[in-house]
Each structure stands twice: as structure tokens, then as C-alpha cells.
Amino acid sequence: RYDDALVLFQRSLKIMEEAFGSDHPDVAVPLNNMAEVLRLQSKNDVALPLYQRALGISEKKNGAEHHSVALVLNNLALLLMSQGKYDAALAHFRRSLDICERIFGKSHSSIATILHNMTDLLKKQV
């Protein structure tokens, strides 16, 4: 029910933008979530600018080393991987991993998720 989810994320985005402004860090959340739903539907051309906007907001408002930046980087890397842009995807995964390791340490569940995604990427390159 991706279409239903998109409608709800769009509604959430509109509320956040009206309440806080278009560049508030909370706006990045529905943007990232909408992009993720679109990526899962293979609508990468629509998802990409949403990820980019979410990343830009998160970096600007939260700082380049924030966990929200790492989350968007991981999701953006998944999109790039699905497009066969393996080098770019790996660079995003590595940056996401570096951020998470600095914030959470080396044994956090976020680290395991990113490592799993990186493994999937490396398997595609064989």
C-alpha cells in the first residue's frame, strides 16, 4: 500500500513545512520516508531529489556528523546501488558508517545495518 503511505507522508510534509518552515530538520523526516517508499517502488528519479533535499536540510541544520545525516546517506546509497552506481553508493555507505561509528561506537545496530547493506553492494560487484 505504497500509494497510501505516500499520501500520508505528503500530508505530514505539508504540516511540517507549514508549522516549521521548509528547511526545518523535522521536514527531512517525511522527505526521507517519501523517498524510501518511492525507492521501494523503483521510482528512483522521483526519490533522488527528495533524498538530496533531506540530506541538505539535515547537514545544514543538524551538522554533517548527525545520525539523521547517516540515515539519509544509507538510504541514498541503496538507491544508487539499485541504479548500478556502485562507487557512489559505496562512498555514501562509508560516510554513513563513519558517522554512526563516531556517534554510537562500533557495536550499535545501525552499524550492523550499514555493514549488511555494504555486503549486498559488494556481492553485486562480483
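This is a predicted model: local features need pLDDT of at least 70, side-chain atom pairs count only at pLDDT 80 or more; totals for chains, interfaces and linings use all residues.

Trainee: Among contacts between residues at least 6 apart in sequence, what percentage join residues at least 24 apart?

Mentor: Take the contacts in the protein whose partners sit at least 6 apart in sequence. The share of these that join residues at least 24 apart is 55%.

Trainee: How many helices and strands are there?

Mentor: Helices (H or I, at least four residues) and strands (E, at least two) are DSSP runs, numbered from the N terminus. From that end, the elements read α-α-α-α-α-α. The count is 6 helices and 0 strands.

Trainee: What radius of gyration does the protein have?

Mentor: The radius of gyration is taken over C-alpha atoms, and the globule rule is 2.2 Å times the number of residues to the power 0.38. For 126 residues, a compact globule would come out near 14 Å. The protein agrees with that, at 15 Å.

Trainee: How many residues of α4 are buried?

Mentor: Buried means under 20% relative accessible area, exposed over 50%, and partly exposed in between (1.4 Å probe, protein chains only). Helix α4 covers residues 67-82, which makes 16 residues. It is largely enclosed by the rest of the structure, because the buried ones number 13 of the 16.

Trainee: Is Asn74 buried or exposed?

Mentor: Asn74 lies in helix α4. Leaving out residues up to four places away in sequence, Asn74 touches Phe93, Ser96, Ile114 and Asn117. Its relative accessible area is 7%, so Asn74 is buried.

Trainee: Which helices are included in what covers the buried residues of α2?

Mentor: Helix α2 spans residues 25-40. Its buried residues include Val27, Leu31, Met34 and Leu38. Among the elements covering the buried residues are α1 (2-20), α3 (44-62) and α4.

Trainee: Which residue with a positive phi follows α2?

Mentor: After α4 comes Gly84, with a positive phi near 80°. For α2, the phi is positive too, near 65°, and the residue is Ser42.

Methods
Residues are numbered from 1 along each chain as its sequence is written. Side-chain values use heavy atoms; hydrogens and water are left out. The expected span of a helix is 1.5 Å times one less than its number of residues. Contact means heavy atoms within 4.5 Å.
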